[in-house]
Amino acid sequence: MEHQQLKPFPKDFLWGSASAAYQIEGAPFEDGKKASVWDNFVRIPGKTFKGTNGDIAVDHYHRYKEDVALMKEMGLKSYRFSIAWSRVLPDGRGQVNEAGLKFYEDLIDTLLLNGIEPIVTLYHWDLPQALQDLYGGWESREIIADFVNYAAVLFDAFRGKVKYWVSLNEQNVFTNQGWAIATHPPGKKNLKLFYQVNHHANLVNAAVINKFHDLKMPGQIGPSFAYTPQYALDSDPMNVLAAENAEEMYSHFWMDVYLYGEYPIVAMNRLREQGLAPEFEAGDAALLKSAHPDFLGVNYYQSATNAWNPIEGGVGATGFNTTGKKGTTKESGVPGLHKKVQNPFVDRTNWDWEIDPEGLRIALRRITSRYRIPIMITENGLGEYDQLIEGEVHDDYRIAYLESHVKAIKEAISDGATVIGYHTWSYTDLLSWLNGYQKRYGFVYVDQDETMKGSLKRIPKASYYWYQHVIKTNADEIK
């Protein structure tokens with residue numbers, strides 16, 4: 001719908017930015033921390049761009065005060081970051097590492113002192129290696145008790161300081177890439193196991209949300225989901241059906257569990273037919289039903305366009321673009337379900353991610369209509385080849401990208417969506433899991449590259465000053 005005048009952003013809107021522990025902190029074995037699965041996975045030849053790893057990353061562990069000072073100067077209202085499980089509980093369970101806990105306490109206190117709301121993500125993919133070795137990590141139901149115990153340590157430590165908590169970041173991504181396509185740890189390709197691991201993650205998410213509410217924690221908690229709204233290539237009913245299949249299998253399959261406590265009917269029917277459905281034990285269904293998130297985190301980067309893909313002669317899964325060479329992505333799909341095709345109406349990044357701000361509005365509208373829950377945008381951003389020229393980075397392309405997405409949020413709010421915050425990915429440049437340091441997302445340029453011998457100097461980009469103005473004006477000038 002078209003509005004003659006857009007509603008303003010709420011006065012208490014959380015204008016923020018985001019990061020993840022492994023991608024920024026460095027210091028992987030310092031002050032009592034032990035290895036996460038990512039500390040080891042990146043050492044397998046060929047898994048990351050030019051063998052890049054997070055041993056130094058952008059050294060946020062030692063430079064967090066400098067980073068927070070830049071946030072304050074920008075006027076940031078909130079900062080979403082994750083806690084490294086193995087920094088707090090080096091073995092995933094047992095003795096708390098007080099030095100590791102103190103790092104996060106100091107970070108949170110520094111944020112609060114500077115008027116910045118800390119938003120803590122409990123899990124952003126860096127499982128303690130000790131739990132992977134002990135019982136297979138997410139492959140075992142033992143992880144439910146260990147995760148709830150880990151979360152309880154943090155709830156107790158930061159009660160009253162942290163108001164917003166994200167339980168799991170992009171469960172759909174870390175389970176799929178870890179157990180279906182083998183690009184993330186533990187690097188397996190086993191669809192039956194993927195769906196079972198995902199079920200365990202659903203149980204963990206429900207259990208930790210219940211723990212939060214049982215403890216009567218002040219604040220709110222919810223999962224963060226990587227949502228890609230699915231389109232049909234055209235009005236051919238078979239292409240529309242392909243888009244419906246993709247929306248069911250890649251979106252409803254997670255969000256329905258988070259918000260309804262049940263898997264969607266069509267998706268589970270297909271998995272049962274194929275012998276892939278997760279196995280339930282007594283109490284699983286009741287646990288999923290019992291958990292009620294306070295908000296839904298949404299990570300939005302792109303939409304996807306679909307065409308019919310028959311079983312006979314259909315296109316199977318192909319690799320995705322990790323090279324940064326635009327136009328190298330091939331059609332990919334699941335025979336009998338759908339295939340992803342190029343949308344002729346939108347542009348793409350150098351990594352072939354579709355630039356579709358209207359897709360964000362569509363995403364917010366769909367979630368609002370289907371689930372009727374407040375939404376926190378926990379990630380949105382543009383990864384590109386930023387160039388430092390005479391000490392400056394003129395990332396006008398990022399400003400254009402972000403401004404168009406902020407407008408889309410304003411339009412969605414005018415449509416009736418409740419959006420409580422917007423967190424760009426990312427605050428500083430950081431290690432992109434599979435793309436090294438070449439793919440930059442930040443407002444702040446960091447002198448670091450695939451040699452991992454950079455000076456780590458922080459330099460605000462043009463987008464830093466643009467966002468500073470957006471925050472100061474509450475985006476009133478974006479119409």
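**Exercise 1.** Determine how strand β6 (residues 230-232) pairs with β8, and over how many bridges.

*Solution.* Strand β6 and β8 run in the parallel sense, with three bridges between them. Strands count as paired if DSSP finds at least two bridges between them; strands themselves are DSSP runs (E, at least two residues), and helices are runs of H or I of at least four residues, numbered from the N terminus. Within this pairing, Gln230 has Ala304 of β8 as its bridge partner. The model is predicted: local features need pLDDT of at least 70, side-chain atom pairs count only at pLDDT 80 or more, and totals for chains, interfaces and linings use all residues. Residues are numbered from 1 along each chain as its sequence is written, and side-chain values use heavy atoms, without hydrogens and water.

**Exercise 2.** Explain why the buried residues of helix α11 line one face.

*Solution.* In α11 (residues 265-273), Ala267, Met268, Arg270 and Leu271 are buried. Seen down the helix axis, these buried residues fall within an arc of 160°, so they line one face; the arc is that of the directions from the axis to the C-beta atoms. Ile265, Val266, Arg272 and Glu273 are exposed on the other side of α11.

How values were computed:
Buried means under 20% relative accessible area, exposed over 50%, partly exposed in between (1.4 Å probe, protein chains only).
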